[in-house]
Amino acid sequence: MLVCENVRKEFTGFTLDNISINIPEGSIMGLIGENGAGKSTLISCILGSMIKTSGTVKIFNKNSETLTRLEKEDIGVVLSDFAFNGLLNCKDINTIMKAMYTKWDETYYMNFCNEHNLTMNKKIKDFSKGMQMKLSIIVALAHHPKLLILDEATSGLDPVARDELLDIFFDFVKEGDHSILISSHILSDLEKICDTITFISKGKVKFSETKDDLEYKYCIIKCDETVFSTIDKKDMIGVRKNPYGIEVCMLRKACPEGMKSDNASMEDIMVFASKGVNL
Amino acid sequence: MKAAIIKDFLSCRLYLRTYAIFALVFMGLGFISANPFYASGIFMILPVMCLVSTFALDETSKWERLALCSSLNRKDLVSSKYIFGSILIFIGILLNFISILLVNKDFIDALITSSTFGFISIFYLCFMAPLMFKFGAEKSRIYMMLILVIPAGLILGISSLGFIDFNAIVTHVGLLTAIVVVLFIVLLIGSYFLSIKIVSKKDY
């Protein structure tokens, strides 16, 4: 469905460094990383709003730069900023989107707005951030895309709304030829719905694993420098030094014998991965 | 592209109402004072101000980022602004023509004057659009002032120094009109392709 091969984007002071990801049909990939890691840059390069330095992006088995207008309609996008100016209202957005998409489903859009108290004639600038985000999501869904790309889509939403939206995303993917790429800081949301998690840090992919692998593959051990020096760096995700010793997040199978290990949550893995393997 | 133009008209709704009131007031003042050109400046500047407003709104909301993710491409972003600007300028020319005609009842005079002011609007569009695509609406405001002031100053300066006899030039109206029309077509096309080149290399 979506394949990135060695996508590179160079800025002064930051480089998105040869990112490769693969999202098959019917799956959800979560994109996590610290602030400024390159998640939004990667999404912009995938969607074409940023011009990548090198690399290829294939969507629907076709180079993204050669997609026709009709094929691009099969991509739904939710960005972190609400992309319509505050002077417009929901009715205006419906008018604009009807002109933009041949498959725009006005009934679906209106019903969603009514269900979620998105008043038709109210200006966007008078909506809360959460309501603006809900509106962004319905705008992405109402033209019935096959690929959904969400950049911090659930931030600003209350837990009830987030739960409802996660259900919508689940239903979306149930149709076997639909896929989602979602970037978020809310790891609990990603843990609920994602099949694969990709962690980006400082412009590089640190790991891209299935959720199950992440759950069982890694552990955290607490050791001293003597034990630490015996562990192969290739088996480590990251290390953290504290006054009581060294914490190492590493492959469970490479754990030193007799060493007590704790389960590593996704948040732990992310934090350790961002710290690196050097003390 | 149609969606982008509709978005601009819907966004400008509030501004257009305010500008329409401005225009009516100036038209009325022109009628009362029997000065046919009272509102001409307004009809010249309002289309450009509206266009600048849409650029500013797009910049604040980061509309281009969403638009490029949809079925619109970079060429559509540029074309929609030029078409929107041209529609507003045409409406400005029409209203200016009616305003002048109401006062002095001279069809040819009204046509020439309203077209002249329309050409000035197109002149601003040709320079403003690439600047706004390149630098954004906020940074381009300074350049907008320079584009307003420099040509006017040059014409006044040349005229007062006597290098060019404008009265003599004006007698060749037909030839002058043809040259001006060709010049503006070339300018508009050049501006359009420059904007496309700017937008094709820009990261949103």
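Let me start with chain A of this predicted model, where the axes of helix α4 (residues 106-115) and helix α5 (residues 129-141) come within 10 Å and cross at roughly 160°. Axes here are lines fitted to C-alpha atoms, for helices over the stretch in contact, with angles running from 0 to 180 degrees between N-to-C directions, and the helices themselves are DSSP runs of H or I with at least four residues, numbered from the N terminus. That angle makes α4(A) roughly antiparallel to α5(A), a label used for angles over 145 degrees, whereas those under 35 count as roughly parallel, 65 to 115 as roughly perpendicular and the rest as oblique.

Which residues meet in this pair of helices, α4(A) and α5(A)? On the α4(A) side they are Y108(A), Y109(A), F112(A) and C113(A), and on the α5(A) side K134(A), L135(A), I138(A), V139(A) and L141(A), where contact means heavy atoms within 4.5 Å. By class, these residues divide into eight nonpolar, no polar and one charged; Ala, Val, Leu, Ile, Met, Phe, Trp, Tyr, Cys and Pro count as nonpolar, Asp, Glu, Lys and Arg as charged, and the others, Gly among them, as polar.

Turning to chain B, helix α2 (residues 13-32) and helix α5 (residues 74-104) pack at an angle of about 20°, with their axes 9 Å apart, and α2(B) and α5(B) are therefore roughly parallel to each other. Among the residues that meet there are L16(B) and M27(B) from α2(B), and L88(B) and L95(B) from α5(B). α5(B) also packs with helix α6 (residues 107-135) of chain B, at about 155° and with axes 8 Å apart, so α5(B) and α6(B) are roughly antiparallel.

Finally, how much area do chain B and chain A bury between them? The value is about 2600 Å², 57% of it on carbon and sulfur atoms, buried area being the accessible area (1.4 Å probe) that two parts lose on being put together, summed over both. In chain B, R65(B), C69(B) and S71(B) lose the most area to chain A, together 25% of what that side buries. The rule finds five salt bridges across this interface, a salt bridge being a side-chain nitrogen of Lys or Arg within 4 Å of a carboxyl oxygen of Asp or Glu. R13(B) forms a salt bridge with D92(A), with the closest N and O atoms 2.7 Å apart.

A note on conventions: residues are numbered from 1 along each chain as its sequence is written, and chains are lettered from A and ligands numbered from 1 in the order in which they are written. Local features need pLDDT of at least 70, side-chain atom pairs count only at pLDDT 80 or more, totals for chains, interfaces and linings use all residues, and side-chain values use heavy atoms, with hydrogens and water left out.

Conventions. Helices (H or I, at least four residues) and strands (E, at least two) are DSSP runs, numbered from the N terminus.
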